[in-house]
Amino acid sequence: MATKVFMEALSPTMEEGRLVKWHKREGDAVKTGETLAEVETDKAVMELVARADGVLRQVAVTEGQTVPVGNVVAVIAAPGESPDVPAATSPRPAPTPAVGSGERGAVLVAAAPRPTPTAPADATRVKASPLARRIAREAGVDLKLVTGSGPGGRVVRKDLERTAATGTSASPPSAAQRMEPLPAPRSPAAAPAVEGAPYQDVPLTQIRKTIAKRLATSLGPIPHFFLTTEVDMERAAEARDALNRQLGDRGKVSFNDVIVKATALALTKHRACNAWFQDDHIRYWTEVHIGVAVAVEDGLITPVIRNADLKPLLEIGREARELAEKARSRRLQPSEYTGATFSVSNLGMFEIDQFTAVINPPEAGIIAVGTITPKPVVWDGQVVARRRMRITMSCDHRVIDGATGAAFLKTLKEMLENPLAMLL
Amino acid sequence: MASQFDVIILGGGPAGYVAAIRSAQLGMTTAVIERDKLGGVCVNIGCIPTKALLHSAYIAKLLREAKEFGVEAGSVKTDYGVAMQRSRRVSDQNSKGVEFLMKKNKVTVVKGSGVLQPGRKVKVGSDVYEAKKAVVIATGSRVKGLPQIGLEINKTTVISSDEALFLEKAPATLAIIGAGAVGMEFADIFSAFGTTVTLIEALPRILPLEDAEASDALAKSYKKRGIEVIAGAKVKKGTPAKDKVTLEVETNGASRKIEAAAVLMAAGRAVNVEDIGLAECGVQVTERGFIKVDPGLQTTAPGYYAIGDVAGPPMLAHKGMREGVTVTELIAGKKPHAIKYDNVPSVTYCHPEVASIGLTEDQCKERKLEYVAGRFPFTANGRARGTGETEGFVKILRDKKYGEILGAHIVGGHASEIIHELTVARENEYTVEEVELAIHAHPTMSEAVAQAALDSLGRVVDM
């Protein structure tokens, strides 16, 4: 029997994928688990694997083509079988990425967990109840981006209610977040009509689309406020130098590692800042997972250093470099860039003095780290040159109030100014 | 060693026997413990025999009106005893049908009164049965009297539906206390069999849980056929004598005496939670006496589940049946469709029938919902005119903004059958527009549903 090969949801927020490269050609024998093709998702280049043994037939998607999740891209037929399965778009429930969901209240949901949000089965056809359609139309919500909890993944009123009412975002990869109206579709008319026009229209890549959507859901609906402080980094620099001298060939501790560690430790003392805004509740995390913004070609991504408060500096450094490398080569797995409870963004290497970072929802805060630079300061009554660094915290005011954020920042500053405090 | 089953169900009523069948379908070894007849109250002394008697009443009514339709039936004589015997045969057939279903699905039926024991065990007499996966409590409910005002059920002059269903003769006069579904149906039956019926309801209107317009329509219909309807009346005291009962009733501040050959108690039911070992197993009950269950129908004791009347209102067979399916699917580790407790149809099979789903208009007001009511009377429905069933209406309450069907109320012939169009609509979140867009056959009573939907949209055609 022929098995259809679908464009699968290879990341929790993936709605469509660009087929980068076929590893198998039509007529090739394939085995379950073998890589059929490479697919560029909104986050990374992932492998699409065979779900059956047989011969690859009816390859319907060419390299470079983008297709919605759930569409058939090829068929695996038994040897000798001539599949008459039309390789057209035919929906199938997308695989469910395992994302923690603590849904509360609904009848029977306790025993039968609500399906975690998944990419829509087929972006061209939406399963939704008539009532859900009307509510979505009214609220300007794109149903393609809503995960249905009804029979067969059908979108029902419940799935729309919360977000339609508030229009704000909830957790990733929650329905709410993905329910924000899409950026206006690219109109073909916008392409340059005249040869040699003084501009160039570049289609959005998958990652740029996601960045655009996610960041728009952040600064728009989230009431941000910002706190800036200047940290004396003299002792941190001394400590880091001493550590690196001692480590020799065995490794190297970067300022960023120290900042990640200090942030994680400060969060353990200020749980109020280690939280997710969840639309109708705030989820305070007991574990600290730090997202570290990494610039990649054509965008950025925030891989996560889990339990950063518990890890030695060297381990944080090793992980950070590994994750950054994977991010740049676009090999990050979804589990490696989801679930952060707080983030750090560092533009010090670009000699930025100070900046404000955009919160990565549903996290409630992010630290923007500027460059470390010698400055004249008054120290013990004398004007002296000391290495200083500005950090700015962006806070979601729905979770963190001014004094709460300030108290956290004070602890972080103290830890960086006196690295021994991290041992306390 | 105790006999082992995957699932043991205590009670073979509608919730229990459906649970047993679904459990067996799912490949679990299953036992049902029943102390009386399979099918429970519903099949033996509830839903089923009353429907048989109500049909006898309906035939009597038809024959009395037959002349108008060009059919001479002579003088109509009724015999409650014969109707009762027929209703018994219907019940027995149904109970045997359940027995057959148990055999067909290889469900073990244990006759006797089961008592729960810790460790997912049930004791029946001296035998102990052990459930490997779960014990499901489906012990149901029973009629109750009002001993505090002198109206303890004595089975002669103070009776319940249990006795009414076995009377050989309709009483000359009957006072019915409680005008919910049971009281309404027996008023209909006995009135058709020549009894002078007085229907007494404590709340301000009969069918107090239904939409006020439905209550009004039925009060009018009953009064027209000579049933005395007293709502908002408090029975202060009942004094049973050898062949009659005297009731002291207070209504609008005035006191009056009502005498009847018998009183039928139809005010509420008590759940069967006594002497089945609940406390010993850590199964707690709510303040109102129902077994406490979580959203997965599990009681406070792990491995013990409760379904049907004992698990809480609405105390309706079809609600229990659905819980029976759901609970076994949960026990089997499946993920069943969540039960929508706000989408359980409510039906009273009196004539005209009353059927409803969702909210009443008063409830819409209480919840401050923005709604629009659409109505269509059967007097304007061709089919109803033809059959002479012009009593009643369809009323649909829709959300003003989105057209969601908030509630629907039908009074009229076959209302119990017509309501399901709206039940399906609500279950699937169709709005009034989808209901109206579906082509309804002409002429049918169901057209009134489409017309009521249209009326709610301000576009009614046939009126």
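Which hand does the crossing of α6(A) and α7(A) have? The crossing is right-handed, where right-handed is said when the near helix is turned clockwise from the far one by less than a right angle, and left-handed when anticlockwise.

**Ground rules**

This is a predicted model, in which local features need pLDDT of at least 70, side-chain atom pairs count only at pLDDT 80 or more, and totals for chains, interfaces and linings use all residues. Residues are numbered from 1 along each chain as its sequence is written, with chains lettered from A and ligands numbered from 1 in the order in which they are written.

Helices (H or I, at least four residues) and strands (E, at least two) are DSSP runs, numbered from the N terminus. Two strands count as paired if DSSP finds at least two bridges between them.

**Confidence in chain A**

pLDDT is the predictor's confidence in each residue, from 0 to 100. For chain A the average is 77, and 77% of the residues score at least 70. A contact here is two residues whose C-beta atoms, placed from the backbone, lie within 7 Å.

**Helix pairs**

Axes are lines fitted to C-alpha atoms, for helices over the stretch in contact, and angles run from 0 to 180 degrees between N-to-C directions.

| Helix pair | Angle | Axis distance |
|---|---|---|
| α6(A) (255–269) and α7(A) (313–328) | about 115° | 9 Å |
| α3(B) (47–65) and α4(B) (80–104) | about 145° | 8 Å |

The angle of about 115° makes α6(A) roughly perpendicular to α7(A); the cut-offs are under 35 degrees for roughly parallel, over 145 for roughly antiparallel, 65 to 115 for roughly perpendicular, and oblique for the rest. On the α6(A) side, the contact uses Asn256(A), Asp257(A), Val258(A), Val260(A) and Lys261(A), and α7(A) brings Leu313(A), Ile316(A), Gly317(A) and Ala320(A). Sorted by class, that makes five nonpolar, two polar and two charged residues. Nonpolar covers Ala, Val, Leu, Ile, Met, Phe, Trp, Tyr, Cys and Pro, charged covers Asp, Glu, Lys and Arg, and the others, Gly among them, are polar.

In chain B, α3(B) passes α4(B) in a right-handed crossing. Residues making this contact include Ile48(B), Pro49(B) and Leu53(B) of α3(B), and Arg86(B), Val90(B) and Asn94(B) of α4(B). The class tally is six nonpolar, four polar and two charged.

**Sheets and hairpins**

Chain A has an open sheet of four strands in the order β1-β8-β6-β3, with antiparallel pairing. β1 (3–6) and β3 (29–30) of chain A each have a single partner strand, so one side of each lacks a neighbour in the sheet. β1(A) is joined to β8(A) (residues 72–77) by four bridges, and Lys4(A) has Val75(A) as its bridge partner in β8(A).

Chain B has an open sheet of three strands, β12-β13-β14, also with antiparallel pairing. Its edge strands are β12(B) (233–240) and β14(B) (254–260), each pairing on one side only. Neighbouring strands are turned by 20° against each other on average, direction ignored. Seven bridges link β12(B) to β13(B) (residues 245–251), and Lys234(B) is partnered there by Glu250(B).

Elsewhere in chain B, β5(B) (residues 121–124) pairs antiparallel with β4(B) (residues 114–117) over four bridges, and with β6(B) (residues 127–137) in the antiparallel sense, again over four bridges. Lys121(B) of β5(B) stands opposite Gln117(B) and also opposite Glu130(B) in β6(B). The β4(B)–β5(B) hairpin has three residues between the strands, with Gly119(B) at a positive phi near 80°. The β5(B)–β6(B) hairpin has two, and Gly125(B) in its turn has a positive phi of about 60°.

Most residues other than glycine have a negative phi, and most peptide bonds are trans. Leu297(B) has a positive phi, near 65°, and sits in the loop between α8(B) (278–281) and β17(B). Pro313(B) and Pro314(B) are joined by a cis peptide bond with omega about -5°, and Pro314(B) lies in the loop between β17(B) (304–306) and α9(B) (317–331). The bond from His351(B) to Pro352(B) is cis too, with omega near -5°.

**Between the chains**

Chain B puts 19 residues in contact with 16 residues of chain A. The chain B side of that has eight nonpolar, six polar and five charged residues.
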